Amino acid sequence: MAKLDTFLTRKLGIEHPVVCGGMHYVGYAKLAASVSNAGGLGFITALTQPSADELKKEIRLCKTLTDKPFGVNFTLLPALVPPNYQAYADVIISEGVKIVETAGNKPSKWIQYFKKNDIFVIHKCVNIRHAKRAQKDGADLISIDGFECAGHPGTETIGNFLLLALAAKKLNIPFIASGGVGSGKQLAAALVLGAEGVNCGTLFMSSTEANIHPNIKQALIDYDETNTTHIFESLNFHERVFKNKTALKVREIEKKYPGDFSKIRHLVSGAAYKKSFQQTGNINDSCWSCGPVIGLIDEIRNCKEIINSLVTEAISVIEKTSTKVIKSNL
Ligand SMILES: Cc1cc2nc3c(=O)[nH]c(=O)nc-3n(C[C@H](O)[C@H](O)[C@H](O)COP(=O)(O)O)c2cc1C
């Protein structure tokens, strides 16, 4: 079988240029190892673990499930009670993790800290300004998260078709395309736009190996690209979530009380999100991250099937397109 050979695959020693980024309450060792075993690059989500010590156990579990490269996502978000980031970072380092995906607010200190400890840093960000800052801080690769992405797409509403062209023009370090990717055609397009691969979240959330309630996965199949919305707009902290009763209620309250977190706190708790994912499977009871790429998801497949189909389709599209659009004079 033909292979896609990019900076990402060569540098990290992985088979396919496909990453599964960190996902709160989804990014456990089992999913990370399954993505890596399928030839992609899986990530454990550090803050999903309640303490640095639990993260250590999750990393050790992942090592028993795969001998392939995997990484840890390190997300910096504003919190009423911030987690002990130093303790999480030190576990990542002491456990010998070689790849970290940083994301979120004020990452400079942490990018520099991981680099000092010889870790390959992928910084995920939503605009060129932040990408350039991470480049200066020493990040090895940028994951460009377009406005289509699940989670936090930033406030500038710029989609990947433009952001990737800007990244190719303005960055001196390699980048991958993140947000909205659910087909091999998009992987091919990302490569043509200069990316070294793709990062997917929602697509892997739908995988057999994602440890979330089957009802949540079924919703990813049943609903389409019109079924996500943004919350926290009035706090300048957009989050793209599944459009359900709770998210619509949050939007309504934000309109009435812009910027007042105390009015929505009871509807957006991480505990409710975790409960929907891991206990009840109720798709309406909480606000949970999800991207419009659900329009492309129509079955539950394992990570190997997902990655193989992305790569096979990308190769076929690249071959067909080049013969279709390039006419020889001979
Ligand atoms: C349920 C869910 C939880 C997520 N949690 C995080 C997180 O904790 N940290 C982070 O950096 N990104 C998080 N993301 C974003 C993904 O890593 C990825 O950047 C995004 O999903 C890409 O867009 P896509 O879903 O369209 O593929 C999350 C995404 C989902 C779907």
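1. Some ground rules. Residues are numbered from 1 along each chain as its sequence is written. As this is a predicted model, local features need pLDDT of at least 70 and side-chain atom pairs count only at pLDDT 80 or more, while totals for chains, interfaces and linings use all residues.

2. The protein chain splits into domain 1 (7–209 + 302–325) and domain 2 (214–292), with bounds from an automatic or database domain assignment. Their centres, taken over C-alpha atoms, are 23 Å apart. Domain 1 puts 15 residues into the contact and domain 2 puts in 14 (contact: C-beta atoms, placed from the backbone, within 7 Å).

3. Now the helix pair. Helix α3 (residues 52–65) packs with helix α4 (residues 85–94) at about 25 degrees, axes 9 Å apart. Helices here are DSSP runs (H or I, at least four residues), and strands are too (E, at least two), numbered from the N terminus. Axes are lines fitted to C-alpha atoms, for helices over the stretch in contact, and angles run from 0 to 180 degrees between N-to-C directions. The contact uses A52, L55 and K56 of α3 plus A87, Y88 and V91 of α4.

4. Last, the ligand. Of the 30 residues around the ligand, the nearest are G21, A103, G201, T202 and G291 (near: C-beta atom, placed from the backbone, within 6 Å). Elements giving two or more residues to this shell are β3 (70–76), β8 (198–200) and α9 (202–205), and α9 gives the most, three residues. Both domain 1 and domain 2 supply at least three residues each to the shell.

Definitions and conventions:
Contact = placed C-beta atoms within 7 Å.
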